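User: Hi! I am new to protein structures and would like to learn how to read one. Could you take me through some features step by step?

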Amino acid sequence: MFTSYEFAGFLAAVFVLYYVIPRRFQWMLLLAASLLFYFYAGKSYLVFIFLTGITVYASGRWMERYDAELERYIQEIRSGGIPKPSREEKKAYKKKINGKKKRVMLLCLFLNIGILAVLKYTNFFIDNINYFRELSGAQPFSFMNLILPMGISFYTFQAVGYLLDVYWNKCRPQKNIFRFLLFVSFFPQLVQGPISRYGDMSETLYGGHSFDWKQVRFGLERILWGYFKKLVIADRISAAVGMLMEDPDYYTGAFVVVGMLFYAVQLYADFTGGIDITIGIAQVFGIRLEENFVRPFFSKNIAEYWRRWHITMGTWFRDYVFYPFSISRPLKAVTSFCKKRFGMAVARRAAVYISTVVVWLATGIWHGAAWHFVAWGLANGVIILISEELEPCYKAFHTRFTKLGSSTAYRAFQVIRTFLLMCCIRLFDNYGSVRTSVRQFIHMFTEFDIRAVTGQELLDLGLGIRDYAVVGIGVILMFAVSMGGRTGCLREKISRRPYAIRYTVFLTLFFAVLLLGCYGANFDARQFIYNQF
């Protein structure tokens with residue numbers, strides 16, 4: 001939707017109204033704009049986002065009342081309003097109140113995760129049940145005609161994060177239901193995130209904002225950069241990626257390498273481009289959103305890669321799945337069993353291994369209702385665990401070969417190794433089939449012939465020489481921007497340059513999007529890749 005002319009007109013109208021109306025009404029305008037945006041995406045979608053917003057809001061207020069009840073009880077004891085209870089009585093009362101609070105949280109949690117699970121995964125379960133029914137000769141079940149609201153994974157996780165933060169007393173619940181609905185439905189985030197935390201986002205979401213030309217300019221510049229990555233690079237190279245993945249029987253061997261490299265470019269340009277647009281739109285309105293990428297392709301291992309790629313998703317799973325699960329009663333029981341039978345070292349590993357596998361299994365399933373996403377998630381988790389086990393070997397190597405381990409050449413090797421390893425894992429995403437992905441991975445080595453991907457074969461992938469030149473220049477430019485941002489905000493650096501240089505840079509970028517972007521009357525505008533999640 002971000003790449004449509006209608007959205008550009010919608011955004012321009014909201015922008016003008018935003019800085020014309022009194023500042024105390026600005027958040028109301030954003031709420032109205034967000035609901036209109038979601039209504040345009042699908043009328044029936046509003047039912048689900050309202051249901052999530054209302055139930056989570058009500059649960060937050062409900063839990064707040066239990067906290068207030070407990071606080072009043074403690075104050076009455078201190079003031080002598082009630083006889084001082086024994087330690088056991090006080091503990092029992094506190095347990096009763098916290099138990100009620102927990103039941104409210106769990107009810108709301110199961111309701112909203114349940115809605116997501118039913119809409120997103122019902123047909124996946126039916127498909128797997130049908131596989132076994134067909135083996136036994138039974139009639140397969142019919143698939144259900146369920147809608148999947150746009151951005152449901154993102155706004156559900158954002159709302160659940162708020163619910164758990166309120167439960168853990170990490171933030172105070174929002175008292176105004178309409179303000180909370182804005183937090184859940186803020187329209188730039190609905191397409192593909194980032195997944196914001198209430199405590200961070202609320203600092204700038206509800207306040208009045210005066211027109212600040214520097215912030216507006218910076219926001220527009222980031223939006224422009226996002227459109228460049230999306231329209232000029234990602235959508236252009238997508239034609240070749242589509243051909244390579246749609247015919248794996250023909251495009252095998254060296255073509256697998258080409259495909260995974262092309263897809264890495266497409267995914268990065270598409271996803272980061274969309275996030276640039278999202279954060280830029282928010283900045284235009286004076287709202288700060290969390291960064292979702294920090295030069296992920298400069299990572300030296302997969303764990304570091306996931307601290308740099310889709311950061312808000314990774315921290316969400318860390319804070320709301322990994323940590324709670326690692327201290328849960330079932331896992332404590334497993335740890336205790338392992339400690340008695342095998343010793344403390346195994347017990348510690350068991351806790352980390354099981355929690356990590358659960359997190360990456362959930363991460364894979366979150367990305368999509370298919371086995372190749374499960375395999376993709378588990379592959380990431382297993383490799384991270386293997387890397388952790390090999391950490392003593394790495395340390396010994398660096399101690400033995402100090403100069404080599406700290407050399408630029410070795411760091412470059414680590415970066416390239418991590419990039420290629422992530423490309424290989426991403427084959428599950430590329431082909432959408434576990435069997436095909438494994439087969440193509442093997443063929444990449446057994447049938448590799450570099451001569452197959454030279455000359456006319458590359459030109460038969462839907463891209464001409466001009467297209468390859470544009471993509472190549474775009475990749476170089478993305479690399480240069482990433483390098484330039486290592487020592488501070490690149491836009492800030494450019495803003496300190498003379499006017500002639502400053503405006504030449506962004507006018508060039510504007511005309512590049514205008515003249516080289518993939519859009520127009522005969523162009524089928526592609527949705528952002530992460531919109532499907």
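Predicted model: local features only at pLDDT ≥ 70, side-chain atom pairs only at ≥ 80, totals over all residues.

Analyst: Happy to! Let us begin with helices: helices (H or I, at least four residues) and strands (E, at least two) are DSSP runs, numbered from the N terminus. Residues are numbered from 1 along each chain as its sequence is written, and side-chain values use heavy atoms, with hydrogens and water left out.

User: Is asparagine 380 buried or exposed?

Analyst: Here you need cut-offs: buried means under 20% relative accessible area, exposed over 50%, and partly exposed in between (1.4 Å probe, protein chains only). The areas come from the Shrake-Rupley method with a 1.4 Å probe, and for residues only the protein chains shown count as cover. Asparagine 380 counts as buried because its relative accessibility is 0%.

User: Which residues is asparagine 380 in contact with?

Analyst: Contact means heavy atoms within 4.5 Å. Leaving aside neighbours within four places in sequence, asparagine 380 is in contact with Ile302, Trp306, Trp360, Met422 and Ile425.

User: Can we try that reading on aspartate 276? Where is its place?

Analyst: Aspartate 276 sits in helix α9, residues 254-284. At 6% relative accessibility, aspartate 276 is buried. Its contacts, not counting residues up to four places away in sequence, are Arg222, Ile223, Trp225, Gly226 and Lys229.

User: Now a helix as a whole. Which residues of helix α7 are buried?

Analyst: In α7 (residues 198-205), the buried residues are Tyr198, Met201, Ser202, Thr204 and Leu205. Their cover includes α2 (26-41), α5 (152-167) and α6 (177-185).

User: How many salt bridges are there?

Analyst: First the general idea: side chains of opposite charge can pair when their charged atoms come close. The rule used here is a side-chain nitrogen of Lys or Arg within 4 Å of a carboxyl oxygen of Asp or Glu. By this rule the count is 18 salt bridges. One of them joins glutamate 492 and lysine 214, at 3.1 Å from N to O. That pair links distant parts of the chain, with glutamate 492 in helix α22 (residues 490-495) and lysine 214 in helix α8 (residues 213-246), 278 residues apart.

User: Which helix holds both arginine 308 and glutamate 304?

Analyst: Both are in helix α10 (residues 302-308), four residues apart, about one turn of the helix. An α-helix has 3.6 residues a turn, so residues three or four places apart point the same way. Arginine 308 and glutamate 304 form a salt bridge with their closest N and O atoms 3.0 Å apart, and both residues are buried.

User: Which residues form the nonpolar patch on the surface?

Analyst: Patches are made of residues with over 30% relative accessible area and no salt bridge: like charges are joined within 9 Å, nonpolar side chains (Val, Leu, Ile, Met, Phe, Trp, Tyr) within 5 Å. The nonpolar patch consists of Phe211, Trp213, Leu220, Tyr499, Tyr503, Leu507, Phe510, Phe511, Leu514 and Leu515, with about 1100 Å² of accessible area together. Its largest share, seven residues, comes from α23. Tyrosine 499 is found in that helix, α23, and is exposed, with a relative accessible area of 57%.
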